[in-house]
Amino acid sequence: ELGDWYQATSRPQLAIPLYAEASQFFSTGEFTGKGNPLVAPRMIFYRAPMASRRAIGNTSTQPQVRTTVFSFVVSERGATQNVQVVSTDMDEGQLSQSRRAISRAIYSPRFENGQAVRTEGVQFTSDWYEEYRVADPNAVPKPATPATTSATSR
């Protein structure tokens, strides 16, 4: 837990030695498998974009959930790198804010043989709750235009 505290406060130089010590403990006995929290990167800190949660709990509107799956690398210091979009139905603004949020996330790194190692292919699903007013309860909202890599005019 102390390693997580240092990691969450952006002090990996203090967290990594504590994680390494814990990884030696977890590599023996009953923790060698799924009970070991250091066998894969774990998210320690993530702040979702403020606008992504605005529609939750609002009774005058009905939220539509837009989702993006990101894939990225967690470095040996727990930083996210090379954030890529796997799939999305968010618009460009929502996608930009969600990408920025995941690029600022903090992870505990994965450990092998007592050493922190880089992990590729880590995935995170980001949800965006978009509000819309329902005048007609049978009306279905139009889906957002998926993010594309080429510029198009509308």
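## Two salt bridges

Arg 118 forms a salt bridge with Glu 120, and their closest N and O atoms are 3.7 Å apart. The term salt bridge is used here for a side-chain nitrogen of Lys or Arg within 4 Å of a carboxyl oxygen of Asp or Glu. This is a predicted model, in which local features need pLDDT of at least 70 and side-chain atom pairs count only at pLDDT 80 or more, while totals for chains, interfaces and linings use all residues. Residues are numbered from 1 along each chain as its sequence is written, and side-chain values use heavy atoms, with hydrogens and water left out.

Searching the whole structure gives 2 salt bridges. Besides the Arg 118 pair, there is one between the side chains of Arg 110 and Glu 112, at 2.2 Å from N to O. Side chains of opposite charge can pair when their charged atoms come close. How accessible are the partners? Arg 118 counts as partly exposed at 41% relative accessibility, and Glu 120 is exposed at 59%. In the other pair, Arg 110 is buried, with a relative accessible area of 17%, whereas Glu 112 is partly exposed at 42%. For these labels, buried means under 20% relative accessible area, exposed means over 50%, and partly exposed lies in between (1.4 Å probe, protein chains only).

## The chain as a whole

Stepping back, the chain has 3 helices and 7 strands, arranged along the sequence as α-α-β-β-β-α-β-β-β-β. Both kinds of element are DSSP runs numbered from the N terminus: helices are H or I with at least four residues, and strands are E with at least two.

Of the 154 residues in the chain, 34% are buried. The chain exposes about 9,700 Å², with carbon and sulfur atoms supplying 51% of that area; accessible areas come from the Shrake-Rupley method with a 1.4 Å probe, and for residues only the protein chains shown count as cover. Among contacts between residues at least 6 apart in sequence, 72% join residues at least 24 apart, a contact being heavy atoms within 4.5 Å.

## Helix α3 and its buried face

Gln 94, Leu 95, Ser 98, Ala 101 and Ile 102 are buried in α3. Seen down the axis, the buried residues of α3 fall within an arc of 125°, so they line one face of the helix; the arc is that of the directions from the helix axis to the C-beta atoms.

Asp 91 caps the N-terminal end of α3, with a side-chain oxygen 3.1 Å from the backbone nitrogen of Gly 93.

Strand β7 runs over residues 119-132 and includes Ser 126. What does Ser 126 touch, beyond its neighbours within four places in sequence? Its contacts are Tyr 46, Arg 66, Thr 67, Thr 68, Phe 70, Met 90 and Ser 98. Ser 126 is buried, with a relative accessible area of 3%.

Asp 127 is also found in strand β7, but it counts as partly exposed at 26% relative accessibility. Asp 127 and Arg 66 are 61 residues apart in sequence, yet 5.7 Å apart in space, C-alpha to C-alpha. Leaving out residues up to four places away in sequence, Asp 127 touches Ser 52, Arg 53, Val 65, Arg 66, Thr 67 and Met 90. The side chains of Asp 127 and Thr 67 are joined by a polar contact of 3.0 Å. A polar contact is a pair of N or O atoms within 3.5 Å; within protein, one must be able to donate a hydrogen and the other to accept it, and residues adjacent in sequence count only if both atoms are side-chain atoms.

## Loops with positive phi

Ser 10 lies in the loop between α1 (2-8) and α2. Ser 10 has a positive phi of about 60° although it is not a glycine, and at 53% relative accessibility it counts as exposed.

Asn 113 sits in the loop between β5 (110-112) and β6 (115-117). Its phi is near 50°, a positive value in a residue other than glycine. Asn 113 is exposed at 79% relative accessibility.
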